[in-house]
Amino acid sequence: MITIDPLQVTTVKLHGLMLGAIGPRPIAFASTIDADGNPNLSPFSFFNVFSANPPILIFSPARRVRDNTTKHTLENAKATKEVVINIVNYDIVQQMSLSSTEYPEGVNEFVKSGLTMVPSEKIKPYRVGESPVQFECKVNQIIPMGEEGGAGNLIICEVLLMHIDKGVLDENNRIDQHKIDQVARMGDNWYTRANMGMFEVPKPLTAIGIGVDSLPEEIRKSTVFTGNDLGKLGNVAEIPENKEAIEFVNNHNDIKDKIRQSNLIEIHKFAKQYLDLDDIDTAWNILAANK
């Protein structure tokens with residue numbers, strides 16, 4: 001057993017230890033708009049439900065440790081006092097992760113992640129159409145925990161409307177915990193799938209992902225790829241050049257023989273096999289060689 005005094009370790013070290021120890025943590029996929037009406041979408045795992053009467057949810061966008069800056073979600077919540085909290089299930093976890101990329105101000109993460117903007121009924125921020133449960137909320141209060149990097153900001157939200165996908169309900173109109181298939185955050189890059197166990201989704205931090213909106217149309221509209229597949233394909237810094245991809249394929253006879261006589265659908269299915277194994281590079285080379 002080791003003992004940690006928070007005052008004797010760096011914030012980065014303490015942050016990692018706390019997140020590794022406290023989990024799984026539910027994810028608030030928060031949709032906001034700025035004062036000019038520009039949408040923003042970002043996930044936060046400092047989140048939970050705290051009251052049913054009134055219905056209160058609280059999430060906390062922390063100040064960035066590296067430079068003490070604040071996140072667009074916090075600034076938007078201060079400016080407009082409105083937020084939609086969308087629940088994340090396994091079907092959208094890759095797109096959710098892609099949206100956490102620190103895109104410049106004004107970039108629409110809905111577009112980058114390939115998720116659907118659905119108008120809310122009582123507030124201005126958009127709902128995530130693919131989310132199984134969506135909470136339209138007004139912001140009652142924002143409580144800053146401090147002014148230094150790593151300090152949280154408690155955004156206390158009152159639920160005005162709750163939208164539930166009928167597909168996750170049981171015969172008694174209760175949410176079926178198997179059907180909703182929620183995911184939660186753990187330490188480092190680890191997540192847990194409520195009805196399956198742990199899995200890993202690498203954070204999109206080392207480079208800015210091109211986004212689902214930058215994928216070729218035949219990939220984006222393919223009937224083969226799921227939203228998660230598109231999220232993986234969109235989380236690369238650039239698409240391989242056709243010449244490089246052909247060279248890669250020619251150096252792998254098993255791949256070359258497989259795609260030589262295949263049509264587009266078959267090639268997509270073949271690439272999906274590698275996506276399912278999280279071999280994104282091979283999947284992209286297969287697709288890029290077919291340009």
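Colleague: What makes the crossing of α10 and α11 left-handed?

Modeller: A crossing is left-handed if the near helix is turned anticlockwise from the far one by less than a right angle, and right-handed if clockwise. α10 passes α11 in the left-handed sense. This is a predicted model, in which local features need pLDDT of at least 70, side-chain atom pairs count only at pLDDT 80 or more, and totals for chains, interfaces and linings use all residues. Residues are numbered from 1 along each chain as its sequence is written, and side-chain values use heavy atoms, without hydrogens and water.

Colleague: Why are α10 and α11 called roughly antiparallel?

Modeller: Their axes (lines fitted to C-alpha atoms over the stretch in contact, with angles from 0 to 180 degrees between N-to-C directions) cross at roughly 165° and come within 7 Å. Angles over 145 degrees count as roughly antiparallel, under 35 as roughly parallel, 65 to 115 as roughly perpendicular and the rest as oblique. The pair is therefore roughly antiparallel.

Colleague: Which residues of α10 and α11 make the contact?

Modeller: With contact meaning heavy atoms within 4.5 Å, α10 brings Ile267, His268, Phe270, Ala271, Tyr274 and Leu275, and α11 brings Ile280, Thr282, Ala283, Ile286 and Leu287. Nine are nonpolar, two polar and none charged.

Colleague: Which members of the largest nonpolar core touch the most others?

Modeller: Among its 27 residues, these are Leu215, Ile219, Phe225, Leu233, Trp284, Ile286 and Leu287. α11 gives the largest share, six residues. Beyond four places in sequence, Ile219 is in contact with Phe225, Leu230, Leu233, His268, Trp284 and Leu287.

Methods:
A nonpolar core is a set of buried Ala, Val, Leu, Ile, Met, Phe, Trp, Tyr and Cys residues joined through side-chain atoms within 4.5 Å. Buried means under 20% relative accessible area, exposed over 50%, partly exposed in between (1.4 Å probe, protein chains only). Helices (H or I, at least four residues) and strands (E, at least two) are DSSP runs, numbered from the N terminus. Ala, Val, Leu, Ile, Met, Phe, Trp, Tyr, Cys and Pro count as nonpolar, Asp, Glu, Lys and Arg as charged, and the others, Gly among them, as polar.
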